[in-house]
Amino acid sequence: MANQTYTMTINGKAVAGGETFGVENPATGQVFAQAPDCSKAELDAAVASARAAFPAWKATPIAKRRELLNAMAGVIMQNLPELSRLLTREQGKPHPDAEGDVGGGAFWLMESAKHEIPEHVSEDSAERHAVTRYGPIGVVAAIVPWNFPIILAAFKLGPALLAGNTVVLKPAPTTPLTTLRIGELLRGVLPDGVLNVVSGSDRLGPWLTAHPGIDKVSFTGSTQTGKKVMESAAHSLKRVTLELGGNDPAIVMPDVDVKKVAEDLFWAAFRNTGQICIATKRMYIHKDVYEPLKAAIVEYAATVKVGDGAEQGTQIGPIQNSAQYKRVLELIQDAKDNGYKFLIGGDEAKVPGYFVPITILDNPPENARIVQEEQFGPVLPLLKFDNLDEVVGRANDSEYGLGASIWTSDIERAQDIATRLQAGTVWINESQHLSPHAAFGGFKQSGIGVEGGPEGVLEFCQAQTVFTRKPATA
Ligand code: NAD
């Protein structure tokens, strides 16, 4: 249906919004639907309903909250075909990947429901009993980017709701629809006000982080925006968790089986059109295997189908939005202007939509923009290294510290290299695997705090210690 309209969910009810904005299909550049552009008054209503719902939700037994998280996952899975088709249309990713994003979100909700909220007795002596308990913080603003709209929302919703918080969820302006639709489908599953879903143009994020009714901001997005979020949250000392950008290095040692790793290395960089915070964005290859591995990666790249994510067989979709498309083209142009060598790609696709061909660069200098900056697109620099100390130094020489990967048959050595890397997650002979049961977060300017694991649940809790003096015994 052309220009279908989706509604926000505020206090369990549909809110169409006084104003709307268009949502494009990045494979065509055409607007195909309208999303509500949340007004200040509508945001106030969403925050007020989350505040009103908080006491009862906090008091709800955790077993019931677990049950409702599982019910949410069930509703999402029942609607997987519709939701993943919609996600491909607004986000651009190939349909199987959209199913992975939506299905992964449901999985995350179910797994988050299994976490325990700890209680810690630090003293139980003749004089005193001391216990630290973890309760919810209040109303959480969950702010999500456009690369994985559903699974990244679930990273926040699962632990926040489990811990007894209520939520105002805001998707990115270029990918609001699947999240709005999930809000519509979940009405009646959760008590009214526990989960509010609002969408809006660029004005909405800053309103949300500055709102006095918000107690905690859980933000995923760029480092640049993360700094603004922290600044805005500082006014009322809102708690923040920031999951930000990355410039992940892969370190490929000389003992790899070139034929075996080429395909995995390719996807480490190009899955989701390179638009992953933990995509490999710099690939350091030991000089002894540089030439054969370069040839194998480029040979594989030439077989990969780039196209509309809705078409069967598409493996890489368009860039998600015009701003990011321009940024990626600018980095390619910079590489051209500096005379760096392209192994594949580098030309404009010259088709409608935001398509950039798979682009691989041959050993540009370390200070090249494409090496130093987060490209967040299908462009990868291959870089040659000589020895381990040198490559560890180059890998760590970044303001980011999100992820890193090591590719080798010497696992013991890889474990040692891992301890030397300044990255919140290190993979050995794989990349991008995350678990609801393991902490994920960034070093340096890649973030503050973590998602996932018991530590991720505690980010949505505040500690309260109760000291009880025991009566003196005669
Ligand atoms: P972005 O920072 O532009 O936007 C992220 C979200 O913040 C969107 O919902 C946006 O509307 C909102 N926003 C924008 N300005 C705001 C403001 N001033 N106050 C509050 N909210 C605001 O990021 P993006 O371009 O959507 O996403 C790409 C970036 O996200 C990349 O840098 C990527 O590495 C990062 N990312 C990080 C992780 C992680 O877990 N570390 C995961 C995915 C993406």
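Modeller: The bounds of the domains come from an automatic or database domain assignment. The model itself is predicted.

Biologist: What distance separates the centres of domain 1 and domain 2?

Modeller: Domain 1 comprises 8-244 + 446-465, and domain 2 comprises 248-428. Taken over C-alpha atoms, the separation of the two centres is 31 Å.

Biologist: How many residues does the contact take from each domain?

Modeller: Contact here requires heavy atoms within 4.5 Å. On that criterion, domain 1 contributes 21 residues and domain 2 contributes 26 residues.

Biologist: Is Ser-446 buried or exposed?

Modeller: Ser-446 sits in the loop between strand S22 (443-444) and strand S23 (447-448). Residues touching Ser-446, beyond four places away in sequence, include Leu-242, Glu-243, Glu-399 and Tyr-400. Buried means under 20% relative accessible area. The relative accessible area of Ser-446 is 0%, so Ser-446 is buried.

Biologist: Which residue has its backbone oxygen 2.6 Å from a polar atom of the Ser-446 side chain?

Modeller: The residues that Ser-446 touches include Leu-244, Gly-245 and Gly-246. The backbone oxygen at 2.6 Å from a polar side-chain atom of Ser-446 belongs to Gly-245.

Biologist: How much of the accessible area of the ligand does the protein cover?

Modeller: The ligand is surrounded by 29 residues, with Val-144, Ser-222, Thr-225, Leu-244 and Glu-374 the closest. A polar backbone atom of Val-144 is 2.7 Å from an oxygen atom of the ligand. Polar side-chain atoms of Lys-170 and Thr-225 each lie 2.8 Å from a ligand oxygen atom. Of the 840 Å² of accessible area that the ligand has on its own, the protein covers 89%.

Biologist: What span should helix H2 have, and how far apart are its end C-alpha atoms?

Modeller: The expected span is 1.5 Å times one less than the number of residues. Helix H2 (residues 62-78) has 17 residues, so it should span 24 Å. The distance between its end C-alpha atoms agrees with this, at 24 Å.

Definitions and conventions
Residues numbered from 1 in each chain as written. Predicted model: local features only at pLDDT ≥ 70, side-chain atom pairs only at ≥ 80, totals over all residues. Heavy atoms only, no water. Helix = DSSP H or I, 4+ residues; strand = E, 2+ residues; numbered from the N terminus. Near = heavy atom within 4 Å. Polar contact = N/O pair within 3.5 Å; in protein donor to acceptor, adjacent residues only side chain to side chain. Areas by Shrake-Rupley, 256 points an atom, 1.4 Å probe, with all protein chains shown as cover. Buried < 20%, exposed > 50% of the residue type's maximum accessible area, 1.4 Å probe, protein only.
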